[in-house]
Amino acid sequence: MKIIRHLREITEPFTQPCVTIGNFDGVHLGHQQLFGEVVQRAVRNGGCSVVVTFDPHPLRVLRPDGIKLISTIDQKIEQIERAGIDVLVIIPFDKEFAATSAEQFVQRILLDTIGMTELVVGYDYAFGKGRSGNTEFLTEKGRENGFPVTVVPPYYRDGMLVSSTKIRELVSDGRMEEACRLLGRPYQIRGEVQVGKRRGGREIGYPTANLQVNQEDLIPRIGVYATQVICGGRCYGGVLNIGYNPTFAEGRLVAETHIFDFKEDIYGKPIRVNLLAFIRDEKKFSGIRDLAEQIGRDVIEAQQILRTSSKNLSACCAAEFDGQR
């Protein structure tokens with residue numbers, strides 16, 4: 001997949017491009033319906049499939065406190081590439097660009113720069129100043145300029161509307177199995193392993209890999225989760241606590257994962273942690289012994305969850321490694 005991070009990199013229109021536009025936070029199953037439609041139509045027309053998105057997410061600019069994102073830009077890129085898209089155009093979004101009208105966006109960017117010959121959008125998508133670029137507007141523009149517009153209807157899974165808003169709600173509630181069904185994969189956090197207090201192995205008997213948690217990001221329900229950890233080209237089971245360590249009165253939000261059957265030094269190395277199932281709320285223990293005993297019970301429960309989901313988890317790992325090649 002070709003990635004374009006600024007419109008000035010496009011020196012000439014693409015070949016018969018079928019385009020979709022959106023923020024695509026989470027790149028969930030609903031978004032994948034759009035991408036499938038775009039790829040199919042591009043192949044049928046002998047052209048290329050193009051996704052246009054924005055970074056940062058427009059609401060991060062227009063309402064900084066108004067949204068918690070499911071995915072980073074890197075995660076978004078990975079998932080869009082897996083959908084078989086030919087070209088990803090990432091438009092830098094700022095307040096100046098926010099003033100672009102829907103009319104200008106269609107003419108200058110989609111038609112003149114990209115050379116769009118066909119457009120696919122979600123049923124509820126709108127863009128441009130004042131969100132005036134809705135499906136009715138786009139359909140009319142298509143009639144005026146000779147490009148067909150396909151509006152993809154809402155997509156439901158297990159009776160739930162698949163949407164970024166719904167997935168944020170599920171993650172915030174710790175309903176990871178349901179979030180996974182709408183995403184088409186487990187909800188994931190990732191980052192470089194940080195040096196922590198080092199008490200996990202020495203004092204408690206369960207060493208942990210610690211990730212920094214950004215309060216501006218989507219924070220899952222505070223508590224303990226069964227996890228799948230991707231590190232160094234391999235998958236491991238694990239149990240994660242995301243919370244404030246009330247037993248030690250730290251008051252700082254941390255994500256600590258104990259990785260099963262793992263003894264390597266991975267400080268400063270990247271890991272990915274799939275949150276599979278919520279086990280329990282975080283609580284304060286009277287001391288290290290009580291905490292260690294509870295972690296032992298958490299490990300047993302997490303291992304049981306991993307055993308019952310082993311087939312699906314193997315597929316998740318295979319997809320992760322494919323995306324890193």
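By class, the lining of the largest pocket comprises 22 nonpolar, 15 polar and five charged residues; Ala, Val, Leu, Ile, Met, Phe, Trp, Tyr, Cys and Pro count as nonpolar, Asp, Glu, Lys and Arg as charged, and the others, Gly among them, as polar. The model is predicted, so that local features need pLDDT of at least 70 and side-chain atom pairs count only at pLDDT 80 or more, while totals for chains, interfaces and linings use all residues. Residues are numbered from 1 along each chain as its sequence is written, and side-chain values use heavy atoms, with hydrogens and water left out.

The largest pocket holds about 970 Å³ of space. A pocket is here an open set of points on a 1 Å grid over the protein atoms alone, where a 1.4 Å probe fits, with protein on both sides within 12 Å along at least five of seven lines; lining residues have an atom within 4 Å of a point. The volume is the space filled by probe spheres set on the points, which are joined across faces, edges and corners. Of the 42 lining residues, N23, D124, Y125, A126 and R131 lie nearest the centre of the pocket. At least two lining residues come from each of α1, α2 (58-62), α4 (95-98) and α7, and α1 gives the most, with four. Helices (H or I, at least four residues) and strands (E, at least two) are DSSP runs, numbered from the N terminus.

Just after α7, G174 has a positive phi of about 75°.

T135, in helix α6 (residues 135-145), is buried at a relative accessible area of 11%. Apart from neighbours within four places in sequence, T135 is in contact (heavy atoms within 4.5 Å) with V121, G122, Y123, Y125 and V151.

Rings of Phe, Tyr and Trp (its six-membered ring) pair if their centres lie within 6.5 Å; planes under 30 degrees apart count as stacked, over 60 as edge-to-face and the rest as tilted. The count comes to 10 aromatic pairs. The F93 and F97 rings are edge-to-face, because their centres are 5.8 Å apart and their planes at 70°. Both F93 and F97 are buried. Ring pairs link F54, F93, F97, F105, Y125 and F127 into a cluster.

Key:
Buried < 20%, exposed > 50% of the residue type's maximum accessible area, 1.4 Å probe, protein only.
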